[in-house]
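Dear colleague,

I am passing on the structure we spoke about, and I would be glad if you could look through it alongside the notes that follow.

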Amino acid sequence: FLQGVFPILRWGRDYKASKFKNDLMAGLTLASLSIPQSIGYANLAKLDPQYGLYTSVIPPLIYAIMGSSREIAIGPVAVVSMLLSSMIAEIQDPLADPVAYRNFVFTVTLFAGTFQALFGLFRLGFLVDFLSHASIVGFMGGAAIVIGLQQLKGLLGISHFTTKTDVVSVLHSAFTSIDHPWSPLNFVLGCSFLIFLLFARFIGRRNKKLFWFPAIAPLVSVILSTLIVFLTKADKHGVKIVRHIKGGLNRSSVHDLQLSGPQVGQAAKIGLISAIVALTEAIAVGRSFASIKGYHIDGNKEMLAIGFMNIAGSLSSCYVATGSFSRTAVNFSAGCQTLVSNIVMSITVLVSLEVFTRLLYYTPTAILASIILSALPGLIDIRGAYYIWKVDKLDFIACIGAFFGVLFASVEIGLLAAVTISFARILLNAIRPGIEALGRLPRADVYCDMNQYPMAVKTPGILAVRINSALLCFANANFIRERILRWVTEEVNEIKESTEGGIKAVILDVSNVMNIDTAGILALEELHKELLVHEAQLAIANPKWQVIHKLRLAKFIDRIGRGWIFLTVSEAVDACVSSKLTALANC
């Protein structure tokens, strides 16, 4: 049981020094990327820089004990940081009362961790699946563009900027702020290092052996830009700097949590949304790299681990942490073997908090904006969107709905649009299931869809139909009944035009139907009665045990006759043909 809850007890016993060498190098490389990114993402979340660094200390340690993914890198991420700042800023103004805003963030983090742990404990992983892959592609793309536009504040050195996240408000704020004082030196410094970071990213992609170059580029940028500002006294010529970063260990935030008052409900709502978004990103990242290494991770155990690390984080001055794709890719490329790389990273960040924070006083805010901007191209998956468009147009609608919802409304509207479109698609498939007319393949006893296999032959006087729905229920029962009756009527008219006779039997292949409700049974009874009016017999082929059990309880089998339930469509057709010949002989 303990090994199930704490996987480190299982793999830790076989841990060797040869693995530690790889994990040490990977952890140090990861820390060089994590330190500047954490400061930048804290700025994006409208928190002081140290809280981003705190979030890269405690949560990775907890995940290393409870997590099952070997490669995932835990810490703050851009999308969750933007989500928190956009939703919480509507309730608590970070400029008017930064302490209340910070405490509200900790409270949201506690709720997020609690929801995540509950999802894992009660095996509710399917809730995360409501955000489909297409929705995530659109959501991430829209969020990346909004995050990028918000960095204009840091690049231009603008003091007054909108707190809204929709693209119209952000662009309007940027254009109107040009009339106010802004710093050209800030812009030049930020753009110069942004070009350097993008160049490093390009080099790393072209040559996999140079993976370390884009990993250390953000830290190099921070060091060089800080030295430039310090030596040239650029802060006195309009360049905005970070100034004081509080060092030391994570302080306790237990007494900062706001678990009473009128805003608890709002904190729980934001916590739920951020919990789902964080889980979706972490599990997608973990599974992607697990498939490359050839092992499987349990989604419910991951939820439990991520939930407990965020609960622990909320008690130690951290905000919502999750798995970062960019940092995980660096961790993987650096040759990490186990989660010890996260422990090494966490200790390195902790040492930095103790020793180096005072050296970051002159770090320009434009560099933090550049670091965030350089990480955004990884969130925009144009190839993925094109693939979705090419394969499934309805999926692409969900993708576009999430994209434009985030871009022109807000993060929650984008998520709501994505989930609503996904649900609408599920309902559409449930209400209008596929119904196939079956024919027999020549020289075989196989019955298949006549539209897919034009060579299939229809048996005269018999209509064989397959229902492609897992449920025959209130949502689709009448649609299926009316569709079958329309086919029967059309068949009768065609046969009467050519010769005497008509449809003598309708065979329902219910092999795909997993369950049936009372509305479905009632629809079958009505279909049976209307077929009797047309002097046709209803037969059922290959019903599942749940279906046959309910049909027996409803006495439907007694109504149509026990002899009209068959194992296969072929047996049903043979029986109907024999019954038809017997009727002709009696005539």
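The largest pocket in this predicted model has a volume of about 1300 Å³. It is lined by 40 residues, and those lying nearest its centre are Arg 205, Phe 325, Ser 326, Ala 329 and Gly 378. Several helices contribute at least two residues each to the lining of the largest pocket, among them H3 (17-44), H11 (184-206), H13 (264-293) and H15 (325-333). Sorted by class, that lining holds 25 nonpolar, ten polar and five charged residues.

The second largest pocket has a volume of about 910 Å³, and of the 31 residues that line it, Asn 43, Lys 46, Leu 47, Leu 95 and Lys 153 are the closest to its centre. Here at least two lining residues each come from H3, H4 (49-55), H7, H9 (152-156) and H17, and the lining as a whole divides into 17 nonpolar, nine polar and five charged residues.

Helix H7 (residues 98-121) also packs with helix H14 (residues 299-314), at an angle of about 155° and with the axes 7 Å apart. Because angles over 145 degrees count as roughly antiparallel, H7 and H14 are described as roughly antiparallel to each other, and their crossing is left-handed. In this contact, residues of H7 including Phe 106, Leu 110, Gly 113 and Ala 117 meet residues of H14 including Met 303, Leu 304, Gly 307 and Ile 311. The residues of the contact of H7 with H14 comprise ten nonpolar, nine polar and no charged.

With best wishes

Conventions: Residues are numbered from 1 along each chain as its sequence is written. This is a predicted model: local features need pLDDT of at least 70, side-chain atom pairs count only at pLDDT 80 or more; totals for chains, interfaces and linings use all residues. Side-chain values use heavy atoms; hydrogens and water are left out. Axes are lines fitted to C-alpha atoms, for helices over the stretch in contact, and angles run from 0 to 180 degrees between N-to-C directions. Helices (H or I, at least four residues) and strands (E, at least two) are DSSP runs, numbered from the N terminus. Angles under 35 degrees count as roughly parallel, over 145 as roughly antiparallel, 65 to 115 as roughly perpendicular and the rest as oblique. A crossing is left-handed if the near helix is turned anticlockwise from the far one by less than a right angle, and right-handed if clockwise. Contact means heavy atoms within 4.5 Å. Ala, Val, Leu, Ile, Met, Phe, Trp, Tyr, Cys and Pro count as nonpolar, Asp, Glu, Lys and Arg as charged, and the others, Gly among them, as polar. On a 1 Å grid over the protein atoms alone, a cavity is a set of points where a 1.4 Å probe fits but cannot get out, and a pocket is an open set with protein on both sides within 12 Å along at least five of seven lines; lining residues have an atom within 4 Å of a point. Grid points are joined across faces, edges and corners, and a volume is the space filled by probe spheres set on the points.
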